[in-house]
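Take a moment to turn the model around on your screen before you read on. Then we will walk through it together, one part at a time.

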Amino acid sequence: MNGKLKPIRVDDAYADLLERSLSTISCDLGRLIYLASTRDYNTGNYHHEGLAMRFQPDAAREALKIAHEQIFLRIAGQSLEDLVAQLEKYLDASRQDISEVLRAWQKLEPYRIAIPMAANPTVARFFLSNIRLAVAIVRHRQEQASPSYPQVASQPQSLAR
């Protein structure tokens, strides 16, 4: 062997990512959050240690970017009903207190970081709007199912009417 790295195509890294990592996540919203977490918040570069070890780092980075963009577009194109179902599935799989997650998602909007850098601004706004609505719907359902569910302080009403 001559010691040179064999060129690896991005689609091989992408297929491996789908098979090994993404197939174990229960829903597209979970996959979106996972893929966003592989992106460095300072540079926007993606990194996945296992994928980078099996493939060239550039191929791994590009595979992560492509997967992130594709799943984002798939979720952004879903109906509100389907997005609510995705959120409920994500919350069930999270092993976190659902009321705490919903409260954080309403106040902090951590899902904003899930938007790919190259996303169309209109699609990104649509996604954010639908996620906010989905969170409100799931939260309302939680409140209806549990009267002791913690309430969020209401927003101050405008004095001008």
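Predicted model: local features only at pLDDT ≥ 70, side-chain atom pairs only at ≥ 80, totals over all residues.

The protein chain has seven helices and zero strands, so written from the N terminus its elements read α-α-α-α-α-α-α. The chain has 161 residues, of which 37% count as buried. Among contacts with a separation of 6 or more, 70% link residues 24 or more positions apart.

**How two helix pairs pack**

Two packed helices are described by the angle between their axes and the distance between the axes. The table gives these values for two pairs in this model.

| Helix pair | Angle between axes | Distance of axes | Crossing |
|---|---|---|---|
| α5 (residues 80-93) and α7 (residues 121-145) | roughly 65 degrees | within 9 Å | right-handed |
| α2 (28-37) and α4 (residues 57-76) | about 145 degrees | 9 Å | left-handed |

Start with α5 and α7, which cross at roughly 65 degrees. On the α5 side, the contact is made by Leu80, Leu83, Val84, Leu87, Glu88 and Leu91. From α7 come several partners, including Ile131, Leu133, Val138 and Arg141. Sorted by class, this contact has eleven nonpolar, one polar and two charged residues.

Now look at α2 and α4, whose crossing is left-handed. Here α2 contributes Asp28, Leu29, Arg31, Leu32, Leu35 and Ala36. Among the residues that α4 brings to the contact are Leu64, His68, Phe72 and Ile75. By class, the contact of α2 with α4 has nine nonpolar, one polar and three charged residues.

**The largest pocket**

Rolling a probe the size of a water molecule over the atoms shows where empty space is left. In this model, the largest pocket has a volume of about 160 Å³. Which residues line the largest pocket? They are Ile25, Ser26, Cys27, Gly30, Ile33, Tyr34, Tyr90, Ala93, Ser94 and Arg95. Both α2 and α5 give two or more residues to this lining, and the largest share, three residues, comes from α2. The lining has six nonpolar, three polar and one charged residues.

Arg95 lies in the loop between α5 and α6. Is Arg95 buried or exposed? Its relative accessibility is 80%, which is over 50%, so Arg95 counts as exposed.

Most residues other than glycine have a negative phi. Arg95, although not a glycine, has a positive phi of about 60 degrees. Glu109 is also not a glycine and has a positive phi of about 50 degrees.

Glu109 lies in the loop between α6 and α7. With a relative accessible area of 17%, which is under 20%, Glu109 is therefore buried.

The loop between α6 (98-108) and α7 also holds Pro110. Pro110 has a relative accessible area of 35%; this value falls between 20% and 50%, so Pro110 is partly exposed. Leaving out residues up to four places away in sequence, Pro110 touches Ala104 and Trp105. Along the chain, Pro110 and Ile33 are 77 residues apart, while their C-alpha atoms are separated by 9.5 Å.

Conventions
Residues numbered from 1 in each chain as written. Heavy atoms only, no water. Axes fitted to C-alpha atoms, helices over the stretch in contact; angles between N-to-C directions. Helix = DSSP H or I, 4+ residues; strand = E, 2+ residues; numbered from the N terminus. Left-handed = near helix turned anticlockwise from the far one by under 90°. Contact = heavy atoms within 4.5 Å. Nonpolar A, V, L, I, M, F, W, Y, C, P; charged D, E, K, R; others polar. 1 Å grid on protein atoms, 1.4 Å probe; cavity = no way out; pocket = protein on both sides within 12 Å on 5 of 7 lines; lining within 4 Å. Points joined across faces, edges and corners; volume = space filled by probe spheres on them. Buried < 20%, exposed > 50% of the residue type's maximum accessible area, 1.4 Å probe, protein only.
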